[in-house]
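Hi everyone, thanks for making time this morning. Please have a look at it on the screen.

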Amino acid sequence: MASKNLLLLAGDGIGPEAMAEVKKLISAMNDKLGSGFVTDEGLVGGCAYDAHGAAISDADMAKAMAADAVLFGAVGGPKWDAVPYEVRPEAGLLRLRKDMELFANLRPAICYPALAASSSLKQDVVEGLDILIVRELTGGVYFGEPKQIIDLGNGQKRGIDTQVYDTFEIERISGVAFELARTRKNHVTSMEKRNVMKSGVLWNEVVTQTHKARYADVKLDHMLADAGGMQLVRWPKQFDVIVTDNLFGDMLSDIAAMLTGSIGMLPSASLGAPDAKTKKRKALYEPVHGSAPDISGKGIANPIAMVASFAMCMRYSFGMVTEADRLESAIAAVLDDGLRTRDIHSPGMTEVGTTEMGDAIIAKFLG
Ligand code: NAD
Ligand code: IPM
Ligand code: MN
């Protein structure tokens, strides 16, 4: 059996609370199904800064590079608001993404039938929604140089971030989007701002060329990213796969989160390129939400995004498609039973805490 070495990086705030539910699930799968997961743990974010003075230690970074997959909770919080930029909790996540070359971030937004009435949008707008945002994750303004604050010497400072994209980066992320579209509704919408940004002009050109050369069978639309945000809340079901850059993808996926009822519902997979020899991809799986300092420690966080991220891990890193499907069905079934954490609660439903929600999903999954 191929190895299934997982590194768990729970992080800060509600990260460890959500991760605890996945740990229970992994133990249950090992005990009852002989799934053979081997787990190790490390520190990332504010807790790593407190322990080592860095948002991730070199030792934990090495463990992440060696693991078959990394499960990541969330990082950050007010406790670390004043720490230097370079060692902020978020820097740990950015280092993981950059050093592991996780350029493809898949952020599915699915509206579970039981939650169609829980969205802040009208039911018919979100009912049956199943879209996938493919966010470029290792380039753009997140990593472009120069990135600095300079003192202009006249009492003024200048903050600089630089948006940079090279052809190969746009080619490989659009390739991922087109390939995935072929397994879905065969439709890609590329979002940039070619009306203002040079990198947007190049993005549009390269996506168009990649489409023409290799994916002409897939329907391709282009949309300006600001209009794309508007269309996501006007009529999101017009989309199948959205491919976009690092920053637009960050913002558009938070918007998409609310279509599903709560940001506590959205999982994600961050994937590298397949290794030329082994075909294995480096991969990290994490919820789209953050450390939610406002609710951390209260036992009320929604663990579904984290659990669904583990379903993506089984699907993409271990080919455990049946188990991934079953876990996603277990989430849907628990919601059908009326169980709700506070963020998705509505009248007539049963409010439960993080652990009860986790237990109910595991029980359904084990069936
Ligand atoms: P957030 O996602 O942490 O919280 C936004 C809102 O959504 C809060 O009201 C929170 O209570 C709610 N929420 C989030 N996840 C939830 C869940 N699972 N269940 C129920 N409610 C949930 O975003 P923020 O407040 O802007 O950021 C807080 C910190 O998290 C910051 O330090 C930020 O940098 C960090 N952050 C980390 C990640 C990550 O680790 N991947 C992602 C986003 C933000
Ligand atoms: C996300 C987060 C991160 C991002 C932060 C915490 C670095 O918001 O994963 O969506 O901006 O990418
Ligand atoms: Mn974000």
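Let's start at D68, which sits in the loop between α3 (58-66) and β3. Helices (H or I, at least four residues) and strands (E, at least two) are DSSP runs here, numbered from the N terminus. A word on the ground rules: this is a predicted model, where local features need pLDDT of at least 70 and side-chain atom pairs count only at pLDDT 80 or more, while totals for chains, interfaces and linings use all residues. Residues are numbered from 1 along each chain as its sequence is written, chains are lettered from A and ligands numbered from 1 in the order in which they are written, and side-chain values use heavy atoms, with hydrogens and water left out.

So, is D68 buried or exposed? It is buried, with a relative accessible area of 10%; buried means under 20% relative accessible area, exposed over 50%, and partly exposed in between, using a 1.4 Å probe and protein chains only. Its side chain makes a polar contact with the side chain of K280, at 2.7 Å. A polar atom of the D68 side chain also lies 2.7 Å from the backbone nitrogen of N5. By polar contact I mean a pair of N or O atoms within 3.5 Å; within protein, one must be able to donate a hydrogen and the other to accept it, and residues adjacent in sequence count only if both atoms are side-chain atoms. Leaving out residues up to four places away in sequence, D68 touches S3, K4, N5, K280, R281, S317 and F318, where contact means heavy atoms within 4.5 Å.

Next, β3 itself. Six of the six residues of β3 are buried, so this strand is largely enclosed by the rest of the structure. β3 pairs with β1 in the parallel sense over five bridges, and G11 has A74 of β3 as its bridge partner. Two strands pair if DSSP finds at least two bridges between them. β3 (residues 69-74) also pairs in the parallel sense with β12 (residues 283-287), over two bridges, and there L71 is partnered by Y285.

Zooming out, which order do the strands of the sheet follow? The sheet is open, has ten strands with mixed pairing, and reads β2-β1-β3-β12-β11-β4-β5-β10-β8-β9. Its edge strands, β2 (38-42) and β9 (219-224), each pair on one side only.

Now the helices. Helix α4 (residues 89-99) lies across β1 (5-11), β3, β4 (104-110), β5 (130-136) and β12, and runs at about 145° to β12. Axes are lines fitted to C-alpha atoms, for helices over the stretch in contact, and angles run from 0 to 180 degrees between N-to-C directions. Helix α9 (residues 246-259) packs on the sheet too, touching β4, β5, β8 (187-192) and β10 (241-244).

One last stop is a hairpin. Strands β6 (residues 148-151) and β7 (residues 157-160) run antiparallel and are joined by four bridges, with I150 opposite R158. Five residues separate β6 from β7, and G153 in the turn has a positive phi of about 80°.
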